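Trainee: I'd like to walk through a protein model with you, one question at a time. Can we put it up and start?

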Amino acid sequence: MESCIFCKIIKKDIPHFSVYEDEYCLAFLDIYPRVKGHTVVIPKIHVETIEGADAQTITTLFSGVQSAVQKVTEVLQPDAYSIGWNNGEEAGQAVPHIHVHILPRWKGDGGGNMHTIINKPGSTSVKELASLFT
Ligand code: 5GP
Ligand code: ZN
């Protein structure tokens, strides 16, 4: 998409520091890293969120995430990773081109886990909610 900054990075109209690249995806260093080695992985086609992506895009994107993690491990040897993405504006997605964040983690780094993103379970019981899925 013309106006998308990540599409511009793929086209090399905007420079980036590559971590890993293949036919389907590109992983590069985040320009405003939250931790050393903060990497984002994007598909080479413009897709905004997981809901709009086809199976091949998701499969190849996650394979790319794994390859990027291997590369970051080789270079920085972190103790662990937080991996995930902000899917949709209300979840904090700023760039409307799906991208998976790879955040290297070190023992004692003071960062949170997935459970620190939100803690508002609401009053509907899990059992009541489960009935909606049947
Ligand atoms: P979001 O909030 O959409 O999940 O994350 C977007 C990420 O892209 C942010 O972490 C931001 O720092 C990064 N980012 C935005 N523009 C650029 C850019 O031009 N180059 C690079 N390397 N990263 C960018
Ligand atoms: Zn795009």
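Predicted model: local features only at pLDDT ≥ 70, side-chain atom pairs only at ≥ 80, totals over all residues.

Trainee: Is Tyr32 buried or exposed?

Mentor: Find Tyr32 in the loop between strand E2 (25–29) and E3. Its relative accessibility is 67%, so Tyr32 counts as exposed.

Trainee: Which residues make the nonpolar surface patch?

Mentor: Patches take residues with over 30% relative accessible area and no salt bridge; like charges are joined within 9 Å, and nonpolar side chains (Val, Leu, Ile, Met, Phe, Trp, Tyr) within 5 Å. Areas come from the Shrake-Rupley method with a 1.4 Å probe, and for residues only the protein chains shown count as cover. Here the patch covers about 520 Å², and its members are Phe17, Leu29, Ile31 and Tyr32.

Trainee: What share of the residues is buried?

Mentor: For a sense of scale, the C-alpha trace spans about 50 × 40 × 25 Å along its principal axes. Out of the 134 residues in the protein, the buried ones make up 31%.

Trainee: Which residues coordinate the zinc ion (ligand 2)?

Mentor: Donors are N, O and S atoms within 2.8 Å of the metal (3.2 Å for Na, K and Ca), and water is not among the atoms, so sites may look incomplete. In sequence, the donor residues follow the spacing C-x2-C-x38-H-x50-H. Two of them are buried: Cys4 has a relative accessible area of 3% and Cys7 has 8%. At 2.1 to 2.3 Å, the coordinating residues are Cys4 (SG), Cys7 (SG), His46 (ND1) and His97 (ND1).

Trainee: What geometry does the site of the zinc ion (ligand 2) have?

Mentor: Four donors count as tetrahedral if all angles lie between 85 and 135 degrees; four count as square planar and six as octahedral if opposite donors are over 155 degrees apart and all others between 65 and 115, and anything else is irregular. Ideal angles at a metal are 109.5 degrees for four tetrahedral donors. The angles among the 4 donor atoms here are 106 to 116 degrees, so the site is tetrahedral.

Trainee: How many salt bridges does a search of the whole structure find?

Mentor: Side chains of opposite charge can pair when their charged atoms come close. By the rule used here, a salt bridge is a side-chain nitrogen of Lys or Arg within 4 Å of a carboxyl oxygen of Asp or Glu. One example is Arg105 with Asp109, whose closest N and O atoms are 2.8 Å apart. The whole-structure search finds 4.

Trainee: Which residue forms a salt bridge with Glu21?

Mentor: The closest N and O atoms of this pair are 2.8 Å apart, and the partner of Glu21 is Lys44. The pair links distant parts of the chain, 23 residues apart: Glu21 sits in strand E1 (residues 18–21), and its partner is in the loop between strand E3 (39–43) and helix H2 (55–76). Glu21 is partly exposed at 40%, and at 28% so is Lys44.

Trainee: About how far apart along helix H2 are Lys71 and Glu74?

Mentor: These two also form a salt bridge, with closest N and O atoms 3.9 Å apart. Lys71 is partly exposed at 35%, whereas Glu74 is exposed at 55%. Because they are 3 residues apart in helix H2, their separation is about one helical turn.

Methods:
Residues numbered from 1 in each chain as written. Chains lettered and ligands numbered in written order. Heavy atoms only, no water. Helix = DSSP H or I, 4+ residues; strand = E, 2+ residues; numbered from the N terminus. Buried < 20%, exposed > 50% of the residue type's maximum accessible area, 1.4 Å probe, protein only.
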